[in-house]
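Please look through the structure shown here with its side chains displayed.

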Amino acid sequence: MQTLYYRPIDNFRESWWRHRKGILEAIFSQAKDYRLQIIYTRIDRNEQQRPLFRDYHFQTGGYFYPASTVKLPAAILAMEKIRDLDINNLNIHTPLYINSIPGVNTGVQQDHSAASGQASIAHYIKKIFLISDNDAYNRLYEFIGQEAFNRRLWENGYRDVQIRHRVGLPLHEEANRYSNGMQFKHQDQVIYEQPDTCSQLAFAAREDRIGKAWYDHKGVLQEGPMDFSIRNRLPLASLHEIMRSIFFPEAVTNEQRYRLNESDYDFLYRCMSQYPAESTDPVYDPQQYHQSYVKFLLYGGNKQANIPSDIRIFNKPGWAYGFLTDTAYIADFRNNIEFLLSATVYVNKDGILGDDHHSFENIGKPFLQALGAMIYEMELERPRKVIPDLSRFQPKV
């Protein structure tokens, strides 16, 4: 069965990259081999500060493995679910206790990375954006539930999305239908209890196979393309629209908006833009988790990078099986610049998936850094009739 994807007309200008040497020209000139996809949104403002968008697409529509980018909608929907429950004393900071499901996932009675020693939705969201923590995502996946996760995104209009599994755990398809039960407690009293659940959702069949061989979770090489048909799917266009929805909720359709309030957005913006060294709860080793650890567009995850205080990158990257993806809203408060940029590139040169020989460091990250820099330079030179008011996104300590 052949999967059909919506493919917008490419309007990403060749003149932007054609005469640039180095990694940009190398990747763009072999864009099909690298499965390159890009969406860049220019943002202008009218006199009332309402955003006006112009989108530029490059080769969008084909399948790529989204890896940790699925953690972005998980954080949003977990916050929304807390709002929807509307229970006294239940919020994203309420202590959370998770039951185990033998053969699926362990339980959680404490979290040593938290100052309080207790897990919470807020703490998991912080870990997702600070270091892309896998277990944190898995716990939000369990809280939301596989069926509710997908149905809510479909309600948003993202019908091609399939969120089918946890990340970093070698579980069979059926095991990922199960979600752990959990309790939220206020002053040692259970104020909300959610039982174990099992998703009955039927996903549309698809055919997504990549590579020439792959290693399974036991390290055994399996010949033939790897089957991604039962793995997560989050098209770049959907990922980009989710970013637009959370930064400009007033400028998208009602179905694309999330049921969040201003404090929720403040928390989300802070988590998405914060550096590991700025966090006091949890605390991370700055040598391992440096400033640009998960900042690929514009800074390439470069350990030596020194990101100016006037620039903030609100983003969520993902990397696995040779696919490197990042989606970001980038704001320069000094030069009054803002833009949205999402990109994915496949850098698995040998076609063997899961062997950890992918060229993330010497091809993927340098390309995303150069791409971000190219767009940023264009934005610096681009005249604006109205200076944008970016105070809404200024970091709040």
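Does Arg139 count as buried or partly exposed? Arg139 counts as buried, because its relative accessibility is 2%, where buried means under 20% relative accessible area, exposed over 50%, and partly exposed in between, with a 1.4 Å probe and protein chains only. This is a predicted model, in which local features need pLDDT of at least 70 and side-chain atom pairs count only at pLDDT 80 or more, while totals for chains, interfaces and linings use all residues. Residues are numbered from 1 along each chain as its sequence is written, and side-chain values use heavy atoms, with hydrogens and water left out.

Arg139 meets Asp135 in a salt bridge of 3.2 Å, N to O, a salt bridge being a side-chain nitrogen of Lys or Arg within 4 Å of a carboxyl oxygen of Asp or Glu. Both residues lie in helix α4 (residues 134-144), 4 residues apart, about one turn of the helix; helices (H or I, at least four residues) and strands (E, at least two) are DSSP runs, numbered from the N terminus. Asp135, at 31% relative accessibility, counts as partly exposed. The structure holds 26 salt bridges, including one between Arg259 and Asp84, whose closest N and O atoms are 2.8 Å apart. Because Arg259 lies in the loop between α6 and α7 and Asp84 in helix α2, this pair ties together parts that are 175 residues apart in sequence. Arg259 is partly exposed at 43% relative accessible area, and Asp84 is partly exposed at 41%. A network of salt bridges links Glu80, Asp84, Arg152, Glu155 and Arg259. Elsewhere, Glu379 and Arg382 meet in a salt bridge of 3.3 Å, N to O, and both of these residues are buried.

Turning to the rings, the count comes to 36 aromatic pairs, where rings of Phe, Tyr and Trp (its six-membered ring) pair if their centres lie within 6.5 Å, and planes under 30 degrees apart count as stacked, over 60 as edge-to-face and the rest as tilted. One of these pairs is tilted, because the rings of Tyr65 and Phe228 have their planes at 50 degrees, with centres 5.6 Å apart. This pair links distant parts of the chain, 163 residues apart, with Tyr65 in the loop between β2 (51-58) and α2 (71-85) and Phe228 in the loop between β11 (226-227) and α6 (236-247). Tyr65 is buried at 5% relative accessible area, and Phe228 is buried at 0%. Arg231 lies over the face of Phe228, at 5.9 Å from the ring centre, the rule being that NZ of Lys or CZ of Arg is within 6 Å of the ring centre and within 35 degrees of the ring normal. The charged end of Arg244 likewise sits over the ring of Phe53, 4.7 Å from its centre.

Among the strands, β3 (residues 96-98) and β5 (residues 182-186) pair in the antiparallel sense over 3 bridges, pairing requiring that DSSP finds at least two bridges between the strands. Within this pairing, Tyr97 stands opposite Gln183 in β5. Strand β5 is also joined by 5 bridges to strand β6 (residues 189-194), and these two run antiparallel. The hairpin of β5 and β6 has 2 residues between the strands, and there Gln187 takes a positive phi near 50 degrees.

Cys198 is partly exposed at 28% relative accessibility, whereas Cys271 is buried at 2%.
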